[in-house]
Amino acid sequence: MSTFTLKHVVESQQFDRELLTIVFKTADRMKADLAGDRRFRTFLNDKIMASLFYEPSTRTRFSFESAMRRLGGSVITTENAREFSSAAKGESLSDSTKIMCGYADVIVMRHNEAGSASKAADISSIPIINAGDGAGQHPTQALLDVYTIADAFPDMSGLKIAMVGDLRYGRTVRSLSYLLSKYNDMEITFVSPPVCRMEHDIKAYLDKYDVAWYEETDLARVAKEADCIYMTRIQKERFHSVDDYLEAASKYILSAELVSGMKSDAIIMHPLPRVDEIPEEVDNVPQARYFEQAQNGLYIRMALLYLLLKGE
Ligand code: CP
């Protein structure tokens, strides 16, 4: 076991290389188990997972709920915690967390405020998993992202990664940047409209860990050299100004023509959902990995629940 104890999952920085290896090997076991004899299907049969989502989700919520059920556990949930939990009556996140600790063994939480998962973890007696906190972080997404990149490039070194789109409000690219800094000789290129450039805290972190990063505007040029292009949606719901949103919307689209200029062994990723930044005609090119990436979320989340609740 890593020297780091996996008590909560709140931010990408908490994972060291040893713990990443443990998570990825456990995810491999989960993937093999689902395709094989299903030995894991009763491993968490005495455990309950509460999924508390204050923001919409398809992949994260359903993959966590599927993961828990595939391990034999139970799930308690609400359709929309902002509307159907006592948050609608003014209950604080802190009070809700304390109450849920008595009902469940693990809480998977998506919240609209950055830092909320960390605050919940501070007062929680059971593991908290950050399923996305506003424009803060989405660490389980970053884990499945790196798992997907490592599947294509097992050495995980010397890779050119391009992050494209909404880098200012995008919690996935923030969490992924933190995780990539754990690997050697990574080069990250940020491609975004001026109104949603990557924030300075991430750039300062990359500098601190000697990760080379660049900012570019020409996606066609970046696409030719990248090993991985990580596209993201412009998140309309997080913009404070309609004009800023309109300036950013539909600016960067990875068209089939741009894809034809990519390296043959490069990969295209996207945390999804998408709007128009990857046209559907790109889905069938060999470089497209975003549906496989979403599927990997199931294995990673099974691994996390298993490690958090069984501690093995
Ligand atoms: N990638 C991701 O977080 O998707 P959802 O918002 O559908 O959970």
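Predicted model: local features only at pLDDT ≥ 70, side-chain atom pairs only at ≥ 80, totals over all residues.
## Ligand site

The ligand sits in the largest pocket. Around the ligand are S57, T58, R59, T60, R110, H138, Q141, P271 and L272. By class, this shell holds five polar residues, two charged residues and two nonpolar residues.

Two domains are involved in the site. Domain 1 (12-137 + 295-310) contributes residues to the shell, and domain 2 (139-293) does as well, so the ligand lies between them.

A polar backbone atom of R59 is 2.9 Å from an oxygen atom of the ligand, while a polar backbone atom of P271 is 2.8 Å from a nitrogen atom of the ligand. On its own the ligand has 250 Å² of accessible area, and the protein covers 91% of that area.

Searching the whole structure gives one cavity of 30 Å³ or more. The space in the largest cavity is about 50 Å³.

The lining of the largest cavity consists of G165, P193, T232, R233, I234, A248, S250, K251, Y252, D276 and E277. Sorted by class, these lining residues comprise four charged, four nonpolar and three polar.

Technical notes:
Residues numbered from 1 in each chain as written. Heavy atoms only, no water. Near = heavy atom within 4 Å. Polar contact = N/O pair within 3.5 Å; in protein donor to acceptor, adjacent residues only side chain to side chain. Areas by Shrake-Rupley, 256 points an atom, 1.4 Å probe, with all protein chains shown as cover. 1 Å grid on protein atoms, 1.4 Å probe; cavity = no way out; pocket = protein on both sides within 12 Å on 5 of 7 lines; lining within 4 Å. Sits in = over half its atoms within 2 Å of the grid points. Nonpolar A, V, L, I, M, F, W, Y, C, P; charged D, E, K, R; others polar. Domains from an automatic or database assignment. Points joined across faces, edges and corners; volume = space filled by probe spheres on them.
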